[in-house]
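Here is a short report on one protein chain. Overall form comes before local detail.

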Amino acid sequence: MTLFELERNADFDGLLTYLEQSSNPNIRRRSAEVLGGLESQATDQTYPREDVVDQLITVAKDDEDERVRAAAIDALDQYGQDALERFIGDISGEEIDNVAEWKKAQLLAKGLRADLPELRMAAASGLGRIGETNVTSELVKAIDDPDPEVRKRVARAIGRIGAPEAVPALAPKLHEDQYDVRIEIAYALADLGTTNALRELIDIAEDDDEVLRRIAVDALGRLGSVDAVEVLAEALQDESDSVRRTAMFSLVQLLSEAPASASHQVREKIVDELAEANERQAVEPLTEILERSTETAQRRNAAWLLGRIAAEEYQTHAQDALIETLADDDEMTSKFAATSLALLDGDGLEDRLLQIVEDDHRDDGMRVKALFVLGKIGGDKARNRISSFVDRTESDRLRKRGFSALSKLGGVSSFSGDFG
């Protein structure tokens with residue numbers, strides 16, 4: 001049975017057999033990684049958790065391949081602080097159970113200076129889990145550890161703890177260290193999320209490596225500043241599809257993260273930059289957010305942006321996404337979709353909205369928003385068909401919104417208001 005099948009079936013026996021007996025270190029390493037990923041399924045009801053931890057500890061101590069040992073330590077990290085502490089106790093001979101967290105952190109910090117790199121790795125991972133800041137200075141010193149596997153886990157721990165004072169020590173490594181360490185440092189800076197940390201990432205937004213560029217543009221969405229907009233707009237032209245889409249997600253995120261004092265400036269800057277971008281680079285990722293994202297803030301901002309940047313070739317594509325969003329469960333998202341549609345008149349939009357209004361199988365909320373848009377863009381055809389619609393509909397809500405649309409189209413002079 002393949003490792004993929006063992007992972008899919010959560011076959012702990014098979015995975016542990018590979019981990020213990022395979023002569024191929026790549027298979028043993030991957031087995032350890034899979035076991036770590038299955039942590040949530042290792043329960044007394046499915047498979048004895050302690051048996052998995054015991055074998056991972058044995059491999060972390062004794063396997064002849066350093067990459068396998070490192071993978072086993074990472075797997076123990078996923079099994080929680082207790083699993084890591086058992087390993088540290090076994091390898092160091094120190095008992096660290098039943099002590100205060102701050103004291104435990106001091107004991108683990110000593111492990112950062114141990115002779116065995118496995119102990120230094122585990123100590124760094126443990127410190128990241130505890131989250132005590134009283135040993136940050138020890139972690140910062142350890143970023144210069146001679147072993148790259150240790151440096152990776154030190155960077156990860158600094159990101160977990162959230163120690164902004166570590167940025168000056170991390171920054172040079174972001175440019176000088178070996179590739180896999182640079183990746184971890186980039187993620188750590190992204191996790192720290194301070195202005196200084198994110199500014200360091202601006203420098204690698206144009207790095208030769210696609211993964212580093214993607215991490216940088218992903219993190220810059222948290223900056224909440226105009227400074228990040230131009231960098232992210234340039235990334236929309238990246239040769240990598242993954243980087244381009246991540247850049248658009250970050251631009252949308254910026255709209256949420258910008259402080260109130262800079263919100264208007266950030267919005268104007270984003271609209272200006274996107275208006276100059278190739279429409280495929282801007283409109284398609286935004287419609288994808290509306291179609292796939294489950295994050296309310298992202299969907300609201302994507303709906304708002306589409307009405308201000310979509311034109312010509314991609315107007316119909318934008319209309320499709322916005323029309324479907326009229327029925328969104330989030331009222332504000334559906335309102336933004338409606339107001340954006342009102343800015344995208346043309347390409348048969350009036351006929352499409354009238355079909356929605358007259359379709360009894362459509363969601364009433366969607367039909368209300370369609371009536372609102374028709375009140376903004378409709379002509380004689382809309383006025384005549386809405387007039388006929390309000391005469392025959394049995395829904396008081398739709399009738400009221402129909403009259404509101406007619407009043408804006410010059411058909412009646414009664415009801416007013418926008419949304420129901």
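## Basis

This is a predicted model: local features need pLDDT of at least 70, side-chain atom pairs count only at pLDDT 80 or more, and totals for chains, interfaces and linings use all residues. Residues are numbered from 1 along each chain as its sequence is written, and side-chain values use heavy atoms, with hydrogens and water left out.

## Overall form

The chain has 25 helices and 0 strands (DSSP runs: H or I of at least four residues for helices, E of at least two for strands, numbered from the N terminus). Its C-alpha atoms fill a box of roughly 85 × 45 × 40 Å along the principal axes.

Buried residues (under 20% relative accessible area, 1.4 Å probe, protein chains only) make up 53% of the 420 residues. Of contacts (heavy atoms within 4.5 Å) between residues at least 6 apart in sequence, 64% join residues at least 24 apart.

## Helix α6

Helix α6 covers residues 81–92. The end C-alpha atoms are 16 Å apart, which agrees.

Q81, A83, L84, E85, F87, I88 and G89 are buried in α6. Their cover includes α4 (49–62), α5 (66–78), α7 (101–111) and α8 (117–130). Just after α6, G93 takes a positive phi of about 80 degrees.

Note on methods: Buried < 20%, exposed > 50% of the residue type's maximum accessible area, 1.4 Å probe, protein only. Expected span 1.5 Å × (residues − 1).
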